Amino acid sequence: MFVLKPHSGVPLHRQLDEQIRRLVASGQLAPGTALPSIRELALAHTINPMTVSKVYTRLEAEGVLERNRGKPMTVAAQRRAQAPHSARLAALDAPLEHLVLAARQLELDADAVIEALRKKWETSDAATVRGRARPHKGV
Amino acid sequence: MQQPYVVARDLTKAFDDKPVLSGVSFEVQAGDVIGVLGKNGAGKTTLLELVLGFTPASEGRVEVFGHESYRLPGAVKARVGFVPQQDELVNQLTAGHQLKLIRSFYKTWDDALIARLVAVWDIDLGERVKNMSVGQRQKLSILLALGHRPDLLLLDEPVASLDPLARRQFLEQIVEIVADGNRSVVFSSHIVADIERLANRIWILKDGRLHWQGDFDDLRESIVRLHLRGTQPLHSQVQIPNALAVDFTHNHATAIVHGWSAELEAQITAITGAEIEVEGLTLEDIFLAMHR
Amino acid sequence: MKAVLRLIWTYFTATRLMRGLVVPGLVLSGAGMVGYLYYPPWTLGTGMRSSPLWLQSVVLVAPWLGLILLFFASSLLPVIIERVAFGRMVLILPRARVALLISAVATAGFIAVLTALTGVFAFYYYPNEIKPERIFSRALLVVFSDVSLMYVALWIVGKARGIWLLIGSLLIAFGILTPLSLIGLPSGVPAIVWVGIGGWVAFALLLLFGGRLKQRLARPLAGFARLARRVLPRAAYASGTEFPLLLGTNQPWLVALGQAIPVVVAAWLFRQHTVWLFFLTLFSAIGGAITSTAAARSRVLWLRNAWTRAELFRRVETAYWRYNAYPLGVLLLLYVAIGSYLEISTARLAFGVPLLALGSVASLYLGLMMTRGLRWFEGALGVVTMGLLMWTAVTIGGTPSGSLIGETLDRINVIELEVALAALALIYRTIASARWNTLDWMVCRNGPATRAAG
């Protein structure tokens, strides 16, 4: 489900946070889907359980996830309708940063990049996006 | 919030009038995984030994579970586990025998855990310690410290001789240990990648002092690499504040700075007039930058 | 409590060899004691005169053999205690030091009690001569101290590694038997008991308070060490001595000193020539103890020189000859000097000198032969060599009567024995030389020795 890279320079909690948000926003994680427990996720990726706990708590506070007594964390219902535009845009922060950095290094100007982005947008459609983001087996 | 498991204040240790640690203060809370980094000779082993009460502090004080570490009572010792850098196994015994020997010192011992780990970590209980490879010996050493389920586990370079698979298994076990939030782990290692995975707090020892001590996330946000892109050539005369390393190329510059904040950003923008991209660093890069 | 029991159990069952000794030891000891009750030892007067000699000998010897086996079954005690007590783990294991101390006392005490009991049964049928309680208490004290000292001896010998565990063991066996004669002394406490008690007190203090003491004394000790370094001659590295340095033979005076002291002490304790020479012979063999690690240590020299294995052997051999020369020289000097002081006949001294020299040479080559570690073959040869050495020593020492004819016979015997020893030494050399030509360092890996040599 998640691809976590501890040695990428990007904090793990941010990676996990963004990936959960993205999967929820895109519908990959449908409302009611159960997420792995803190212990399971931490063990599967060999990361500190506190990291997972931090992310789950933050997402719960923002209403993305909800906690059920005795049961694993689940995706909160009606997430898509309620997600504020700004929050969903914020989830794009990391890829945008990379895009800008790469473009700058290649000494491309903003217009060229936006044009390329528009082209890419038009040639892709929702189905392709869903196909690409199909979750891997396991966590 | 529970009482901290370990509290140290102004710890100083000197051997033969040569200071090894000076004015070190720290705390270990329940559930922490603390990674201790430092060059060889920076004092990592001494720090761990002070916490364990092997040696008394020259000045200052360190308490474990509320007791002075140099005089730990037996009941408190049972809550602490230690894996030394050089194993202290008895060569003539078999691994199984060694386990039973250490087991006899403790009132509670998790046989099921040890049995499972012996199987998963591929340890031959019938093999004599002196015939074991260094990696096997290290694995056995670690095992000896886990059986009594200590609340505080201290490890001094526990995985230096383990192959990647064994290391990963060890790290998984650490995750298991801290999962319930009541047990803490402090480990020093040169394998920065392992610490990067698991630690939530980092202690960096440099020249006998705690050069950095705090949350890993805070460290990551403090020490970053900046990519400066100016409209005109940036020359090396420009002094970038808080810089640990700077590299100039025509219009661009890369600088690693510490104490990154909005104020610092404003300062640098003012001085250089350049656009700033911020890049996060790996723990290894951070460590290297601190020691240049 | 659990820890104490587990420790004692570990001392007696750690290796297959130990386990193999414990059961026969217990059986022989127990059966032997019963045997004494039903068949009083023939040497003490009335008894089973009608029984065949061999049966009487068996009954006499059995329990003592059992006790010796038991003692050796626990011979890992010093090693285990050293490893655990002086590491770091002991400070974190709950109540570990106390457990170690109790387990050591209990083990030594167990053997001492068994021995004392055996002694009581040995004298069971002669109550009017010596009271059983007196026998028991004296025996207990003496044997307890003696066994403790033998553990220390084992520890020291264990440090030298290899075949010397066997030789030292024989020394220890002897040490176990000798004090029995001291038990019969009319009054007073034998010196050995004071030594034993003192040793235990020192050990207990060291174990329990050593850490704190070290802290308190850290400053004065450091100052003393600095002073000592300035005054004492350093084992200085002089260019050209790399070979001895790597091989570990660059401080022969240390071994010489280490031998001289026990020899003098033995002369004071054992006035009988036989016994003293016996001891000396064992010590002459210890001089060659270091050679058992030669094969493993020479590994460092292989890549750093252009020598073939045969050349390596010759150079190693020369190095150890030089190394052995010092302790042997000191030993011979002491032997002749003290021997003259004790008015031992010149003839005896004259035969004793080559014996000691042969002991040193034979053990040197036996050690060099151990290119694959200590195995049954080398062990058996070691026992044979030691047996021969001891037989020669006893022959030279002579029987108390020492008539002229007896002396002549003895002389002839001694010459034969010494020739046999010389022949053995030559054979060992041949074997060692052949083995070194096909030296396989992966097989003779000696753990700590190799690590120490780098």
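This is a predicted model: local features need pLDDT of at least 70, side-chain atom pairs count only at pLDDT 80 or more; totals for chains, interfaces and linings use all residues.
Across the interface of chain C and chain B, 2 salt bridges are found.

**The interface**

- On the chain C side 32 residues take part in the contact, while chain B contributes 34 residues.
- Of the area that chain C buries against chain B, 23% is supplied by C:Arg83, C:Arg88 and C:Ile92, which is more than any other three residues supply.
- C:Arg83 also forms a salt bridge with B:Asp87, in which the closest N and O atoms are 3.9 Å apart.
- Polar contacts across the interface of chain C and chain B amount to 8 residue pairs, counted where both residues have pLDDT 80 or more.
- Several helices of chain C each supply at least two residues to the side that touches chain B, among them helix H4 (77–85), helix H5 (96–122) and helix H8 (191–216), but H1(C) gives the most, with 7 residues.
- Sorted by class, the side of chain C that touches chain B holds 17 nonpolar, 6 polar and 9 charged residues.

**The sheet of 4 strands in chain B**

- This open sheet runs in the order E2-E1-E4-E5 with antiparallel pairing, and its edge strands, each pairing on one side only, are strand E2 (18–28) and strand E5 (67–68).
- Strand E1 (residues 6–15) of chain B pairs with E2(B) in the antiparallel sense over 7 bridges, and B:Ala8 stands opposite B:Phe26 in E2(B).
- Helix H1 (residues 44–52) of chain B packs on this sheet, where the helix touches E1, E2 and strand E4 (59–64), and its direction makes about 60° with that of E2(B).

**The sheet of 6 strands in chain B**

- A second open sheet has the order E6-E7-E8-E3-E9-E10 with mixed pairing; its edge strands are strand E6 (80–83) and strand E10 (209–215), each of which pairs on one side only.
- From one strand to the next, the twist of this sheet averages 15°.
- Strand E3 (residues 33–38) and strand E9 (residues 201–206) of chain B pair in the parallel sense over 5 bridges, and the bridge partner of B:Gly38 in E9(B) is B:Leu205.
- H1(B) lies across E3, E6, strand E7 (152–156), strand E8 (184–188) and E9 of chain B, and runs at about 150° to E7(B).

Notes
Residues are numbered from 1 along each chain as its sequence is written. Chains are lettered from A and ligands numbered from 1 in the order in which they are written. Side-chain values use heavy atoms; hydrogens and water are left out. Contact means heavy atoms within 4.5 Å. Buried area is the accessible area (1.4 Å probe) that two parts lose on being put together, summed over both. A salt bridge is a side-chain nitrogen of Lys or Arg within 4 Å of a carboxyl oxygen of Asp or Glu. A polar contact is a pair of N or O atoms within 3.5 Å; within protein, one must be able to donate a hydrogen and the other to accept it, and residues adjacent in sequence count only if both atoms are side-chain atoms. Ala, Val, Leu, Ile, Met, Phe, Trp, Tyr, Cys and Pro count as nonpolar, Asp, Glu, Lys and Arg as charged, and the others, Gly among them, as polar. Two strands pair if DSSP finds at least two bridges between them. Axes are lines fitted to C-alpha atoms, for helices over the stretch in contact, and angles run from 0 to 180 degrees between N-to-C directions.
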